[in-house]
Amino acid sequence: MAVIGLTGGIGSGKSTVVKMFGKLGIHWVDADDVARAVVEPGTPALKDIADHFGQDILTPDGALDRAQLRVIVFEHPEQRKWLEALLHPVIREELQRQLVPDNYNQPYTLLVSPLLFETDQHQLVDCSIVVDVPVATQIERTMQRDSNSREQVERIIAAQMPREQRLKRADAIIDNSRPFNDVERQVRALHERFKVEFV
């Protein structure tokens, strides 16, 4: 069974697109969900993070203070490297486990990952779809959704692979700046293509 990577910059609408594939019966695993699960209270990874950054990185109920960690890793690139070296192997192992569902009759599953090309997760996929919108749209959507400042959003975008580079690496592109019905049409067309390619 094939694994297809679905990626795109922050605010590009990956969640909307993957739900459209879901309606067609496609199983997907979201790398962000897995990344959250591997640092839940009681996990070895969370203990390592607290040992490294100090107990202040935890909320009063013992969960990871994501907002505080985000600030630290964006201001200190060497801390981001440390965190990635810890978490990427753990996340990869869990992704591989979840990408093989029981009693599944479709020829492919989807790995949804904002950092598909930036991490070694691209090695897990047979081909890739990039969900694309202009950078101005990314900024606008992310500011509305997450109540982040423009500066914070621009910094996140700058830390991700540049849009042009991401598009060059894509095997397929979904233009998510189009109307909803048109995006659904693009998804259905890709689904039909993959059913033939990965029989």
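**Figure 1. Helices H3 and H5 pack against each other.** Helix axes are lines fitted to C-alpha atoms over the stretch in contact, and angles run from 0 to 180 degrees between N-to-C directions. The model shown is predicted: local features require pLDDT of at least 70 and side-chain atom pairs pLDDT 80 or more, whereas totals for chains, interfaces and linings use all residues. Residues are numbered from 1 along each chain as its sequence is written, and side-chain values use heavy atoms, without hydrogens or water. Helix H3 (residues 44-53) and H5 lie with their axes 11 Å apart, at an angle of about 160°; helices (H or I, at least four residues) and strands (E, at least two) are DSSP runs numbered from the N terminus. H3 is therefore roughly antiparallel to H5 (under 35 degrees is roughly parallel, over 145 roughly antiparallel, 65 to 115 roughly perpendicular, the rest oblique). From H3, the residues Ala45, Asp48, Ile49, His52 and Phe53 make the contact, and from H5, Gln79, Trp82, Leu83, Leu86 and Leu87 (contact means heavy atoms within 4.5 Å). This contact of H3 with H5 has seven nonpolar, two polar and one charged residue; Ala, Val, Leu, Ile, Met, Phe, Trp, Tyr, Cys and Pro count as nonpolar, Asp, Glu, Lys and Arg as charged, and the others, Gly among them, as polar.

**Figure 2. Helices H4 and H7 pack together.** The axes of H4 and H7 are 11 Å apart and form an angle of about 60°. H4 is therefore oblique to H7. On the H4 side, Arg70, Phe74 and Glu75 make the contact, while H7 contributes Gln152, Arg155, Ile156 and Ala159. By class, the residues joining H4 with H7 comprise three nonpolar, one polar and three charged.

**Figure 3. Helix H7 also packs with helix H6.** Between H6 and H7 the angle is about 125°, and their axes are 10 Å apart. These two helices, H6 and H7, are therefore oblique to each other.

**Figure 4. The largest pocket is lined by 46 residues.** A pocket is an open set of points on a 1 Å grid over the protein atoms alone where a 1.4 Å probe fits, with protein on both sides within 12 Å along at least five of seven lines; lining residues have an atom within 4 Å of a point. Asp32, Arg70, Pro114, Leu115 and Gln160 lie nearest the centre of the largest pocket. Elements that each supply at least two lining residues include helix H1 (14-23), strand S2 (28-30), helix H2 (31-37) and helix H4 (66-75). H5 gives the most to this lining, with eight residues. Sorted by class, the lining has 19 nonpolar, twelve polar and 15 charged residues.
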